[in-house]
Amino acid sequence: MTTAAPERTALPPLGRVYLTRAGVELKEFFRQRESVVFTLVFPVILLLGLGAVLDYDLGAGVDFPQYFMAGVITAGIVGASLQNMAIHIAGERSDGTLKSLRGTPMPASAYFVGKVVQVLAVAVATIVLLLLVGVLVHGIGLPSGTDWMTFAWVSVLGAAACTLLGIVVSTLARNARSASATVTPIALVLQFVSGVFIPFDQVPGWLQDVAAVFPVKWLAQGLRSVFLPDALAAREPAGSWELGTVALVLGVWCVAGLVLCALTFRWQDREG
Amino acid sequence: MIARGERAPSPIHRGDCVLVTSTSAPVVADNRPQPGDPLDPDAAISTRGLVKRYGDRAAVDGLDLDIRRGEIFALLGPNGAGKTTTVEVLEGYRKRDGGEVRVLGVDPARGGRRWKAQLGIVLQSGAGDSQLSVRELLTARASYYAEPRDPDEVLELVGLTEKAGARGRTLSGGQRRRLDVALGIVGRPRLLFLDEPTTGFDPEARRQFWALIRSLRDLGTTMLLTTHYLDEAEALADRVGVLARGQLAEVAVPTALGGRGTAPAVVSWTEDGARRTAETATPTAFVRELAGRFPGEVPDLTVARPTLEDVYLKMIGQSPRGVGIAASAGERGAERAAERSEGVQS
């Protein structure tokens, strides 16, 4: 080493760092058996199990598996975003990964880009798996025409809101274990009161009102509009799918989540 | 700006044989900055009156410190003395409550990505339970820097080449620590922070780690090291600072800390079947006189100076052993005492 060091103030292009982080996050997720089983396989087991056991006729020729497609995809998206983010970011904060990253010139945006890519990949994989099982095992009917568009925007908006919410929960939790213990029951309860496992009109009215505050209900409702015939819109609280309200509420949750993330996000456990 | 590969002038002669005579003054003056001195623009790290409080308690209470470029500086101190807090303020992790700080010429509270690109940070809690392989982790880390080291070269340097394909979570404690160091240096830092880097190492791993630190020093890297191990500070550091209750008790080259170089020597020997000890400022003359009283070898002769541990414990106000050195030097075994006496007599 005889050459003089140049001023090492240059930084690599952002795009390359984003690409690195996306690769890191995908490997971290898909190589961990527990997270793959919990997030990807669990909804499939739900679909196979509940689809075989439960047998309501919802009218308009809709059986339970057809109804449950919207619900189980909601559960899959919530698992890939809300639960995944809350538990794993809390873990990365507790074990020092986040603090260590903070001491490098990696821009904060790259960390979040990596997480977004991870959520997208896991959510898409979950949805594809569920559609395959739904069609092959339960013979459910796939969406048609513009329903695919609705499917896409509702899923993306719902996943975005739940991802941001998950990041906020990860920060409120004291550590990874408490994040898991907090977010798992929260997600389950939200799914129950949002009509994921049972028809939404069987949820008591006051619980429907509680559910309407949170994004999971609107994600599930938007997805029901995709998988159910319009005749069943009459069984929704407003007597219609309310897609405008779905977009509005999910959008508001995205904005609120982003603000809360910016205000609360920490790269290390609390001081002292 | 120090050219890479060039060493800043070392304050003392370094080598396996450090000459210490009973009459020599400390080799280098303490040259600590005084409160009110201006920040040193050429220093790698410069602080004046640094204060960090947790509630009412000042964890760091008015720290004045300059660390030269190319230097290895060891920060010693008991738990709770403020070592980690100080380092975390310098690294930009914590906001200070008072004083001035410059790290590589930049205020850490305002250090951006370009500033961070010049630092390497090895934290106490290292790389987490990763599913990535050791090489993947290093390659990813390297991509955040404009001029990183080659990951495979870094693996070689820290002795993890054989584990390149192993996942992070499968590494042993010592291997994990070496991975932490690898992650800290892959960005080719000009300044490396090492917070208790060898905790949990076995003696052999520690020796290997020391060799690694010395090779990094030869590449021109400035290092701030915190450690519990006094032998580590003595083996590696150009200068040692002892932190007690949030303040620097002393800054000196390891051989001169606490007046070690000029402290009275303790001469011990056996005479008439009893162990005798004497404290003397002129051990050479004393031993010469002693030699005249015996026909051959002086039985069980040792000449000892206070060890770094002795002066350190005295400095932080724990079990000051003072004159007790005499007794303990004998008890600690002939080997160690003999080593010291050789140093004195040479």
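**Salt bridges in a predicted model**

Trainee: Which residue's side chain meets that of B:D66 in a salt bridge?

Mentor: In this predicted model, the N to O distance between the two side chains is 3.0 Å. The pair links distant parts of the chain, 18 residues apart, with B:D66 in strand β2 (residues 57-67) of chain B and the partner in strand β1 (residues 45-54). The partner of B:D66 is B:R48.

Trainee: Is B:R48 buried or exposed?

Mentor: A residue counts as buried when its relative accessible area is under 20%. For B:R48 that area is 9%, and B:D66 has 14% relative accessibility and also counts as buried. Because its value lies under the cut-off, B:R48 is buried.

Trainee: How many residues apart in sequence are the parts tied together by B:D107 and B:R96?

Mentor: These two residues form a salt bridge whose closest N and O atoms are 2.9 Å apart. B:D107 lies in the loop between β4 (98-103) and α2 (113-116) of chain B, and B:R96 in the loop between α1 (83-91) and β4, so the pair ties together parts whose separation in sequence is 11 residues.

Trainee: In which helix of chain A do A:E25 and A:R21 lie?

Mentor: The side chains of A:E25 and A:R21 meet in a salt bridge at 3.2 Å, N to O, and both residues are buried. Because they are four residues apart in one helix, about one helical turn separates them. That helix is α1 (residues 14-30).

Trainee: How many salt bridges are found over all chains?

Mentor: Chain B also holds a network of salt bridges linking B:E271, B:D272, B:R276, B:E289 and B:R293. A search of the whole structure gives a total of 25.

Methods:
Residues are numbered from 1 along each chain as its sequence is written. Chains are lettered from A and ligands numbered from 1 in the order in which they are written. This is a predicted model: local features need pLDDT of at least 70, side-chain atom pairs count only at pLDDT 80 or more; totals for chains, interfaces and linings use all residues. Side-chain values use heavy atoms; hydrogens and water are left out. A salt bridge is a side-chain nitrogen of Lys or Arg within 4 Å of a carboxyl oxygen of Asp or Glu. Helices (H or I, at least four residues) and strands (E, at least two) are DSSP runs, numbered from the N terminus. Buried means under 20% relative accessible area, exposed over 50%, partly exposed in between (1.4 Å probe, protein chains only).
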